[in-house]
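Colleague: I have a model open on my screen and would like to learn how to read it. Could you take me through it feature by feature?

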Amino acid sequence: MGDFVFPNELHVTWTVMIVMYPYITGLVAGAFIVSSLFHVFGLKQLEPIARFSLVSSFAFLLFAGLPLLNHLGKPERALNIMITPHFTSAMSGFGFVYLTYTIIVILEIWFHYRADSVDRYNSPKASWKAVYYILHLGCTLRNEETDRIDHKIVKTLAGIGIPVACILHGYVGFLFGSIKANPWWSTPLMFIIFIFSAIVSGISVLIFLYLFVNFLKKHKIDQNALDMMVRFLWGFMIIAVVLELMDLLSLAYEQTERWAVLKYLITGPLWYTYVIGQILICSLGSFLLLTGIVLLKLPQKLSNILVFLTSGLLLIQVILMRWNVVIGGQLVSKSYRGFTSFMPGFLEKEGILVAAIIFIVPFLMLRQFDRIFPFFPASKKNIS
Amino acid sequence: MGKKSKSITRGEFVRLALYSTAGVCVGSMIARGNLKDEPIGDLSHDLENFDWAFIVDTTRCIGCGACVRACGIENRVPDGYFRTWIERYEIDKNENIRVDSPDGGKHSFKQNQMQDKQVVKGFFVPKLCNHCRNSSCTQVCPVGATYHSPDGVVLVDRKHCMGCGYCVQACPYGCRYISYDIGTADKCTFCYHRIHRGLPTACVQACPRRARIYGNLKDPHNPVSAVLHARRYSILKPEMATNPKCYYIGLDLEVI
């Protein structure tokens, strides 16, 4: 393998921000699908976490577009994508998909919280009455009939939201998978892999936060809900990892021109982040841990500690996967004769610090949201 | 009271007439002299009569880098980016191949890479935007800022591009970049501002070996068709099905 890259390829165009975007939308889609498992598919065990997952999805959604805006050379023209969409482009539907999903999530949250908002408004001890009044748009009516209608609407919206959430994130995968010029990206499996990895990251972040918050607040964990989520996580992560490895296996077996360069990518620039980090440590490690947690009868406390660690490991696995796709694909020269290199800066416009801030803000927002509308039954009990 | 008209003498009249004639002659000559640098004419009145194409004759290129320098100056290409560049290929007797393009070949190529080995074949390949008929970059632009002009040139509307970089990813030839000084996509335009004034592209004008030829495929007497009818030619990455309009004479199998 030589060391030649086209002169314009010395600069990597899509950097840390484009790694962040699919990562955050993955959390959005995954968290939403968990909430829908309860609302649509009636998995009662997930009820304690359904509200939390829905609001988490919304919090991440609010900031998912920020990395993209920061990345654009002309962010002031971002709305051109909706004003003058060029429909031969896979990217042109982005604004509409994003908007549709946002509307669905906002409506679902509104109907979900409407009864809470009315109750708080009517409570004699309530402070911030005006805020609650605005939140439920002045409609203070609440009875069994309105609750039934609200629930029905939430269920319908959650039902519509599942395919839209899958589209939102599968679409990001398609943006990469449809680039025929890039040998590392160009695969029809890319959008399916993205959907499953999104679900994995969504469940992982919910488990991680659920255990973390309950540990901090010293609340009792709903073990049934946690066990159910762990089983789902186990299943989805197996599908996600197997799909990705099968894609790689078929590439290797076909021995095409693509593989001639990609084998050097995997064993060279991506050795640590892909083979060691993503596959061996994070994927295989979390598979073994989850298998142990699900199949072995471990003491509950030990099991929960392992679940916490595994969810963290899988969160790292998914961000490594995003990195390996986005950055890895651009390291391969389109001349098929070498690799370029990339090292993110810390303080630059699209650097590590900005990425960390964008990632942390949704969590801070969730914390504030929890103060207005507590997520978990235990904390709700405390307030009331 | 009637105004008394001022009369001039015959001598004064002749002198004035001579001065005027001389003035007109000198002025005309100056104006004519200036015209030499003016364009041949504005050809943009009917774009449908044009279909611009390009030929790179790799057998003639000597890798002097004049084209890269001329393009950089003419189009104010930012440092480190290239609308056109030159690649050097060296193949030794064991079929080992080395390719390089230091600074896009802008300052020519100083020495062989394979000094210690026997180079059996070496050649230069200039590259530029292929202005594909079925271009990936125009397909993927989400806002339609990159487009095909009616005369077959792929252009970027700098006032509409939002700088997402999707076209950069989609171009199989590495011809695009996001210009850091303007924040939008940029690439070779076939010197659109020149060819429609009858002037050659900057790289064509600078090439001392006539390794670059451009022309209008709809003109039956254009130099591009003449060469394509007489020589065997190829295109880059035909498997991408982009249908490029930049044709290569003497393209080696090793060139991607």
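**Strands, contacts and domains**

Modeller: Let us begin with one pair of residues: B:Ile55 has B:Ile213 as its bridge partner in β9(B). This is a predicted model, in which local features need pLDDT of at least 70 and side-chain atom pairs count only at pLDDT 80 or more, while totals for chains, interfaces and linings use all residues. Residues are numbered from 1 along each chain as its sequence is written, chains are lettered from A and ligands numbered from 1 in the order in which they are written, and side-chain values use heavy atoms, with hydrogens and water left out.

Colleague: How many bridges join β1(B) to β9(B)?

Modeller: Two strands pair if DSSP finds at least two bridges between them. Strands (E, at least two residues) and helices (H or I, at least four) are DSSP runs, numbered from the N terminus. Here, five bridges join β1(B) and β9(B), and the two run antiparallel.

Colleague: In what order do the strands of that open sheet come?

Modeller: The order is β9-β1-β11-β10 in chain B, four strands with mixed pairing. The edges are β9 (212-216) and β10 (233-234) of chain B; each has a single partner strand, so one side of each is left without a neighbour in the sheet.

Colleague: And which strands form a hairpin?

Modeller: β2(B) and β3(B) do, with four residues between them. In the turn, B:Glu95 has a positive phi of about 65°.

Colleague: Now the two chains. How is the size of an interface given?

Modeller: It is often given as the accessible area lost when the parts come together. Buried area is that loss (1.4 Å probe), summed over both parts. Between chain B and chain A it is about 3400 Å², and carbon and sulfur atoms give 54% of this. On the chain B side, B:Met162, B:Tyr166 and B:Gln169 supply 23% of the area buried against chain A, more than any other three residues. Counting contacts (heavy atoms within 4.5 Å), 48 residues of chain B touch 34 residues of chain A.

Colleague: Which side chains meet in a salt bridge there?

Modeller: Side chains of opposite charge can pair when their charged atoms come close. The rule for a salt bridge asks for a side-chain nitrogen of Lys or Arg within 4 Å of a carboxyl oxygen of Asp or Glu. Across this interface it finds one: A:Arg337 with B:Glu254, at 3.2 Å from N to O. The side of chain B that touches chain A has 25 nonpolar, 15 polar and eight charged residues. In that count, Ala, Val, Leu, Ile, Met, Phe, Trp, Tyr, Cys and Pro are nonpolar, Asp, Glu, Lys and Arg are charged, and the others, Gly among them, are polar.

Colleague: How is chain B divided into domains?

Modeller: Domain bounds come from an automatic or database domain assignment. For chain B they give domain 1 (45-133 + 187-249) and domain 2 (136-186), whose C-alpha centres lie 20 Å apart. Their contact takes 30 residues from domain 1 and 22 residues from domain 2. The area buried between them is about 2100 Å², with 59% from carbon and sulfur atoms. B:Pro78, B:Tyr81 and B:Lys187 supply 30% of what domain 1 buries against domain 2, more than any other three residues.

Colleague: How many salt bridges does the rule find across that domain interface?

Modeller: One: B:Asp186 with B:Arg83, the closest N and O atoms being 2.9 Å apart. Over all chains, the count comes to 16 salt bridges. Another pair is B:Arg133 and B:Asp51, at 3.8 Å between the closest N and O atoms. That pair links distant parts of the chain, 82 residues apart.

How values were computed
Buried area is the accessible area (1.4 Å probe) that two parts lose on being put together, summed over both.
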